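Visitor: I have a structure to go through with you. Could we take a few sites in turn and then look at the chain as a whole?
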Amino acid sequence: MKTIKDSVHDHIRIDGVARDLLDTPALQRLRRISQLGTVSLVYPSANHTRFEHSLGVYHLACEALEQLGVEGREAQRVHAAAMLHDVGHGPFSHNLESLTHRRTGRYHDDVHDLLADGGVGGVLRSHGLEPGRVADLVAGEGRFGQLVSGELDVDRMDYLVRDAHHTGVPYGTIDHGRLVRELTFADGELVLAEGNVQTAESLLVARALMNPTVYSHSVARIGKAMLRRAAERLLESPETDVDATTLQRMDDPDLLVALRSCPATSEFSRRLDQRDLFKRAVWAEMDDVPGGIIEADHGTIREFEREISDRAGVDPERVILDVPSRPSMTESTSRVMVNGEIRRLDEQSPLVAALRASQYSQWRLGVYSPADLRDQVGRAAVDVLGLDIDGALVSEVRNGVDATLDQFVD
């Protein structure tokens with residue numbers, strides 16, 4: 001038994017297979033993977049890691065299993081999956097996942113190879129656990145996979161509270177104790193017990209408020225886009241031998257050193273190190289953006305960037321087009337018991353529709369460039385992308401003052 005003091009859950013007791021996994025290289029690597037990536041450019045105290053988050057997920061999984069009356073080998077599998085659920089993350093967590101997925105076909109929760117080999121596989125087998133079955137739980141498969149990766153998973157319960165704590169933003173402070181206590185299985189589905197519609201809604205509200213305030217903050221998005229562009233150039237540079245698989249297994253310091261050492265990425269690295277970020281040349285609402293652009297793949301987006309840079313007369317590396325996916329609300333499909341029936345939250349709660357509308361109104365397409373180029377880049381982007389200029393925002397030279405793009409156009 002080992003007891004660890006945690007900033008969110010106080011004392012976490014770790015035993016059994018989880019205790020033996022604690023000191024494996026795969027898990028210790030998570031000490032060097034930031035939980036929120038470039039969000040620390042906005043909230044300086046957001047320097048917590050995937051390691052402490054993994055401890056929190058394990059802690060909540062233990063509480064949930066006790067509440068559900070699950071013991072023995074099945075509980076040990078879930079303990080292991082909870083502790084290992086993030087070992088597949090690359091540097092800066094989700095910031096580079098779209099890039100590595102395009103090149104490897106793997107997301108961070110595809111950990112079958114990672115768990116099968118090395119120290120992790122040895123620990124699992126020494127406890128009579130098949131690595132493949134634990135990896136299936138990490139991917140959210142099976143009855144108990146819902147607890148590790150699903151609409152009501154302990155992963156979400158921990159990261160909302162933890163991210164709120166470390167950013168100082170209060171919106172993620174959910175009652176995770178009640179959420180865990182009210183979990184039950186009905187017809188094989190993980191649901192919240194009778195009388196917990198509002199409990200489910202609280203999870204939804206917290207996620208909806210944390211998204212624009214923390215996860216999709218404009219500065220964090222610019223930093224993420226610049227980091228992604230730098231990593232892409234690193235992979236394409238003939239001056240390094242870094243490939244996508246190598247990148248996926250790096251930690252944050254590994255990537256920063258690689259970016260600083262490569263001539264093709266040194267300028268992006270300097271800007272990220274010194275927080276000399278690109279600025280918003282365009283900040284457009286969804287209604288102002290043609291549908292084909294929102295659905296565009298990576299190659300099409302890069303072609304748009306080249307067209308914008310050509311029209312603006314600037315280096316293509318000075319233009320970044322950032323197109324988020326359409327808003328989604330996974331938590332809205334959470335199941336709750338109402339009058340003895342299993343119902344989806346979005347079918348029961350009128351609040352879901354309001355939150356979906358809010359997400360829609362918060363969506364923004366961004367075009368970023370160095371501050372001295374944003375006027376000409378903004379004009380070019382509006383022309384190339386066919387944006388409604390009344391909805392595209394650019395920033396004036398004075399920080400914090402916004403104006404509509406038509407004020408800059410003759």
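Guide: This is a predicted model. A place to begin is the polar contact of 3.4 Å that joins the side chains of D346 and R356.

Visitor: What does D346 touch, not counting residues up to four places away in sequence?

Guide: On that basis D346 touches S332, T333, V352 and R356.

Visitor: Let us change topic to cavities. How many are there of 30 Å³ or more?

Guide: The count comes to one cavity of 30 Å³ or more. The volume of the largest cavity is about 80 Å³.

Visitor: Which residues lie nearest the centre of the largest cavity?

Guide: H89, G90, E97, T100 and Q248 lie nearest its centre, out of 13 residues that line the largest cavity. Two elements give two or more residues to this lining, namely helix 5 (97-104) and helix 14 (244-249).

Visitor: How does the lining divide by class?

Guide: The lining of the largest cavity has seven polar, four nonpolar and two charged residues.

Visitor: E97 was on your list. Is E97 buried or exposed?

Guide: E97 has a relative accessible area of 11%, and because the cut-off for buried is under 20%, E97 counts as buried. Its place is in helix 5.

Visitor: Which side chain makes a polar contact with that of E97?

Guide: The side chain of H94 does, at 2.9 Å. Leaving aside neighbours within four places in sequence, E97 is in contact with H89, Y107 and H108. H89, like E97, is among the residues nearest the centre of the largest cavity.

Visitor: How far apart are E97 and A381?

Guide: Their C-alpha atoms are 26 Å apart in space, and the two residues are 284 apart in sequence.

Visitor: Moving on to Q28, where is it found?

Guide: Q28 is found in helix 2, residues 25-28.

Visitor: Why does Q28 count as buried?

Guide: The relative accessibility of Q28 is 18%, and buried means under 20%, so Q28 falls in that class.

Visitor: What does the side chain of Q28 reach?

Guide: The side chain of Q28 reaches the backbone oxygen of L22 at 2.8 Å. A polar contact of 2.6 Å also joins the side chains of Q28 and R31.

Visitor: Which residues is Q28 in contact with, leaving aside neighbours within four places in sequence?

Guide: These are L22, D23 and F51. L22 is therefore in contact with Q28 under that rule, and the backbone oxygen of L22 is what the Q28 side chain reaches at 2.8 Å.

Visitor: Now the whole chain. How many helices and strands does it have?

Guide: The chain has 21 helices and 11 strands. Buried residues make up 53% of its 410 residues.

Visitor: What does the C-alpha trace span along its principal axes?

Guide: The C-alpha trace spans about 70 × 55 × 35 Å. The chain has a radius of gyration of 22 Å, which agrees with the value near 22 Å for a compact globule of 410 residues.

Visitor: What share of the contacts with a separation of 6 or more comes from residues 24 or more positions apart?

Guide: Residues 24 or more positions apart account for 72% of those contacts in the chain.

Definitions and conventions: Residues numbered from 1 in each chain as written. Heavy atoms only, no water. Helix = DSSP H or I, 4+ residues; strand = E, 2+ residues; numbered from the N terminus. Buried < 20%, exposed > 50% of the residue type's maximum accessible area, 1.4 Å probe, protein only. Polar contact = N/O pair within 3.5 Å; in protein donor to acceptor, adjacent residues only side chain to side chain. Contact = heavy atoms within 4.5 Å. 1 Å grid on protein atoms, 1.4 Å probe; cavity = no way out; pocket = protein on both sides within 12 Å on 5 of 7 lines; lining within 4 Å. Points joined across faces, edges and corners; volume = space filled by probe spheres on them. Nonpolar A, V, L, I, M, F, W, Y, C, P; charged D, E, K, R; others polar. Rg over C-alpha atoms; globule rule 2.2 N^0.38 Å.
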